[in-house]
Amino acid sequence: MATIVPESELPTDLSVEEAVEVAYSRALAEISDDLVRGLPVLVECEKDLAPYLYMSLRARLKRAEVKCAYLDGRPKEDKPDSAPVTFVSGMLEQLRSTVRGAVEKRVAALPHLDLLTTSQGGITAEAREVVPLLYENPDLVWLGFKDPSFPLPKVIENLFPRRRTILGIPRDRLSRLVTQREARKFGRGLNAWGLYKYVSGMNAARLRRLLASMEGEDYPSDPKRAYQRIRGFTVQGALEIPTVDLDADIGGYEKVKTRIRREIVEVLSKKDELTDEAAVQRMEKLIPRGMIFWGPPGTGKTLFAKGIAASIGAAITVVSGPELKSRWVGESEENLRQIFHQARQSAPSIIVFDELDSFASARGTYTGSGVEHSMVNQLLTEMDGFRNDELVFVVGTTNFVEILDPALLRPGRFEFHLQIPHPDSADRRAILKIYDEKLELRLTAEATDFAVKRTGDYVEGAPAGTRFTGDHINALCRALARIRLREGLEGPTDELLVDRALSEYAERPQMSPREERVVAIHEAGHAICALFSPHAPTIDRISIRGDMAGALGFVRYRDPDRKYVVTRGELLDDLCILMGGREAEKLLLDDLSIGSAGDLDRATEIAHAVVEEFGMGGDETGVVRYMSSEKRRRREDLSPAQLERLDRAVLTILEEARTRAAAILESRRPMVVALADLLLERKVVEAKTLGERLELDDVARKKLEPTVDGRVPRHDDAIEGDPGASRATGPATAAKYQTDSPRDESRSD
């Protein structure tokens, strides 16, 4: 099929019957041959195409001198008063008459087999009478028409040894289905491949009716509007044509966008430019049809799928995994069939299964009714049935890619895996820029920097461990827009307004002055130990505002130079910093609070890891890995003497860290007091302020210098731990502060 077909080579006129014959001549010839040889045939096609296929087959069978009967349940024209109550009853009447009256070979067409089956593929009460009739007369050759949306009971399917599927339009026949008048609406010369991209899922009968209704100017300079009109008519059911631009509407994530363009968008663009059929077929085999987008909630997985759809001119439908499940047997599989059928009719299209893991987790791990197993099988069946020339893509989004069924992840199915992580500082800045322009926020440069930095923290007022995503940044910007609207603000948006939008309605603990002082001293102890520990990370921000879930105060650290390699010196510095809060309380208050419980828990965990996992406990314990995540050796397997040596080594390391922290704080007592007072005054102290207000030596001051490119580190690499849990003593329960652990990488679990 040539790419550009001259108008003179197109038909001047074409009826629907002629179009069906042209489009499916090969399939019709094969079906006719089977019927003449006495082989029953089941044709899977759309309902509106079945009558035209039958007319073409009837003409072929007539030439072969084979009689036909069309059992559609309608009354005979010469007996209009004998109309049956229902189509099914009419079919039964016609069927009895045909089966018991036929005395010669005849083809009997059954165009409404779907009326004999339930949506779950079960058999109806009427069908129980039909089935015996279908097997009664051996002189009848059955021609059945099955709608793709309905499964047939096995007892009916088994009647047909031959099965043919007629869906969409063969690509090499499209140029013969467009008349000269219709081609003029798409410019001079018909770009058959360009048109096929949008009508591949339509049957010939529907295409003819659509093209015949085309209006507009002849030979337009830009045929894009004509293609858009065609595209609008081809979208079926719940599918829509998105308008999400990968650049204009999605901020940041350049690596993700680059991979999408290289692997999908550019490949499809090059395919559209090819003129050789063999080259096109080779290219089509390279395009991944199944994609897994995985990452935390709110990072834009569905938005990226819409961006892909808009880039390739595809329709899209977003399906919630849990909503597909049904309490009725077979209905979940039927829901999947319907979704794929509509997507194929609307090709090019993308089906997005949101929360794919809700029904496609690894088989053998299901805890529900077992319908998940059938749904996975149905999903695989539908994906395996894709034609190379029909552009239907399936995107599964999940937060837990590791639990998906391995059968889905093998090449040929969901082979394209794309991680969409939390946004880093560059991503957050780009997202803010988009919403700044769309919502007319007029963010100042300082406010943007502040927002980028603050959205690197955990989300205030959210469950512990919740980090900012694109959705959270969207919510922040909408909150800013509402404040500006309510208060009639016309000027720029500054840092104070951003901070207000972030924390205006956050529930913060109301501490007494005495409690605030304890928290300030505790956090000052952590910070001073960090400043004077050579391997400690750089401080970014200190807060005693209670703006992190589960923590009244915290010290936030910047991105370390090394993200994947942790040394013994760094681990020992971590222990010193963890002990710093406790020792500061002891130094300045001559008392201890229970706020150090989380610090001690984390420190003990690190110390055990140093001794038992990393072989860094010293000569007494040796260079041995006593315990590991794989449980090659466990503490229960060790002798009492070995356990005693290990525990002694752990206690020694912890005591050395405590002594070291106490020495640092004692030698810099005025600095601890100054920082605690500064925290009580400001509640939140940034690194820049810390450097200005404290008398630091050159080594400590260098730790507070901003990074070369001025970026705010990615939150997932920031040196922070989890805030910990509430602790209780005696009859009263009190939620107390706990510092964040300096290094997530040193966790032994």
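The legends below describe close-up views of a predicted model.

**View 1. The whole protein chain.** The chain has 749 residues, and 52% of them count as buried. It holds 28 helices and 17 strands. Take the contacts between residues at least 6 apart in sequence: 77% of these join residues at least 24 apart. The accessible surface is about 34400 Å², with 50% belonging to carbon and sulfur atoms.

**View 2. The largest nonpolar core.** In soluble globular proteins, nonpolar side chains tend to be buried together. The largest such core here has 56 residues. Ile-528, Leu-531, Ile-539, Leu-675 and Leu-690 touch the most other members. Elements giving two or more residues to this core include helix 22 (513-531), strand 13 (539-543), helix 23 (568-589) and helix 26 (669-682). A second, separate core has 53 residues, among them Leu-53, Tyr-54, Phe-145 and Leu-207.

**View 3. Around Leu-690.** Which residues does Leu-690 contact, leaving aside neighbours within four places in sequence? They are Leu-531, Ile-539, Ile-542, Leu-675, Val-685 and Leu-704.

View 4

**View 5. Strand 13 and its surroundings.** Strand 13 pairs with strand 14 in the antiparallel sense over 4 bridges. Ile-542 stands opposite Val-555 of strand 14.

Technical notes:
Residues are numbered from 1 along each chain as its sequence is written. This is a predicted model: local features need pLDDT of at least 70, side-chain atom pairs count only at pLDDT 80 or more; totals for chains, interfaces and linings use all residues. Side-chain values use heavy atoms; hydrogens and water are left out. A nonpolar core is a set of buried Ala, Val, Leu, Ile, Met, Phe, Trp, Tyr and Cys residues joined through side-chain atoms within 4.5 Å. Buried means under 20% relative accessible area, exposed over 50%, partly exposed in between (1.4 Å probe, protein chains only). Contact means heavy atoms within 4.5 Å. Accessible areas come from the Shrake-Rupley method with a 1.4 Å probe; for residues, only the protein chains shown count as cover. Two strands pair if DSSP finds at least two bridges between them.
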